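I opened the model to look up one residue and its contacts.

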Amino acid sequence: MNHTSQASCKHPAMTRNCTRIKPALATDYFRREKYSYILVRPGTFRMNQCVEINKEIHIQGEDGARLQGTWFFKAGHSKCTIKNVTLIHEAEPDIQTEGYQRMIHIVMGELVVSDCAILCPGGYPLWAANRAAVTVSDCIVAGAEDCTSKMASGVVAMEFSRLFIRNTRIESAEECCVFVDNDAEVKLKKCCLQSGDVGVMLTDRSSVQMASCVLRLFRRGIFGEMRKGDAELIIRDSMLYGPMFVGECQPSRLFKSGNKYMEALLDYSTK
């Protein structure tokens, strides 16, 4: 693992266990049982393998802290947090993950991400499955930092997962900004979703609830449904640019009120 800075744990109850990170042990450092509160100092850490978390952990970054690599949270009923860190992973084709490059993958447990940039060009920045509970606030979810490469899809929720996203920008997707499948539920408040093939894709008894959001710059439409099923879509007090649905496919349960409908900012009809 290459590094350009050092990290330490910082919590009153754990002062005796705090130590500076050693380059060869950096990836393992996040998994050590005795370190649950970790302060990441300014600079970039590049993980040489996926960081698997099976305990409660709280990661706090100082301004300029950057973590480059992939994360797999499988902490059961524990709550984990990440705050004020730039998270980066440049995806590559991977047969072992069935073609899906997930940067932050959480199954079960609870994860809270705040004040972070979550950047994954070519892949999936945030993927929640198997009854995970995820809160994202005051973040940006996108592809490359310099806007030269898009992410595949921004947020993926599956298998009874529950996500609450607020004050967050999700942008620059090859597929869709939010994908909700298999009984999952996503709530968005005061978010901006922009630039992609479709804004939000629903399927298989999924539920999406939006309030005070802005959705724009989508090639085919703002909302889509992969398969006709019992999906739910609730939209309130939001600004919607361009065609609302992809084709004639609409969720079976649709509730909308107080929205403003605007013409598309760009015309994709000849592209």
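I began with Ser137: beyond its neighbours within four places in sequence, Ser137 contacts Val113, Ser114, Asp115, Arg166 and Thr168. Contact here means heavy atoms within 4.5 Å. I placed Ser137 in strand β14, residues 133–137 (strands are DSSP E runs of at least two residues, numbered from the N terminus). Ser137 has a relative accessible area of 6%, so I logged it as buried (under 20% relative accessible area is buried, over 50% exposed, in between partly exposed; 1.4 Å probe, protein chains only).

I noted the ground rules. This is a predicted model, where local features need pLDDT of at least 70 and side-chain atom pairs pLDDT 80 or more, while totals for chains, interfaces and linings use all residues. Numbering runs from 1 along each chain as its sequence is written, and side-chain values use heavy atoms, without hydrogens or water.

Next, the rings. I counted 3 aromatic pairs (ring centres of Phe, Tyr or the six-membered ring of Trp within 6.5 Å; planes under 30 degrees apart are stacked, over 60 edge-to-face, the rest tilted). Trp71 and Phe73 are stacked, because their planes meet at 15°, with centres 6.3 Å apart. Both Trp71 and Phe73 are buried.

Phe223 and Phe245 make a tilted pair, at 6.1 Å between centres and 45° between planes. I found Phe223 in strand β23 and Phe245 in the loop between β25 and β26, 22 residues apart. Phe223 is buried at 0% relative accessibility; Phe245 is buried at 12%.

Note on methods: Helix = DSSP H or I, 4+ residues; strand = E, 2+ residues; numbered from the N terminus.
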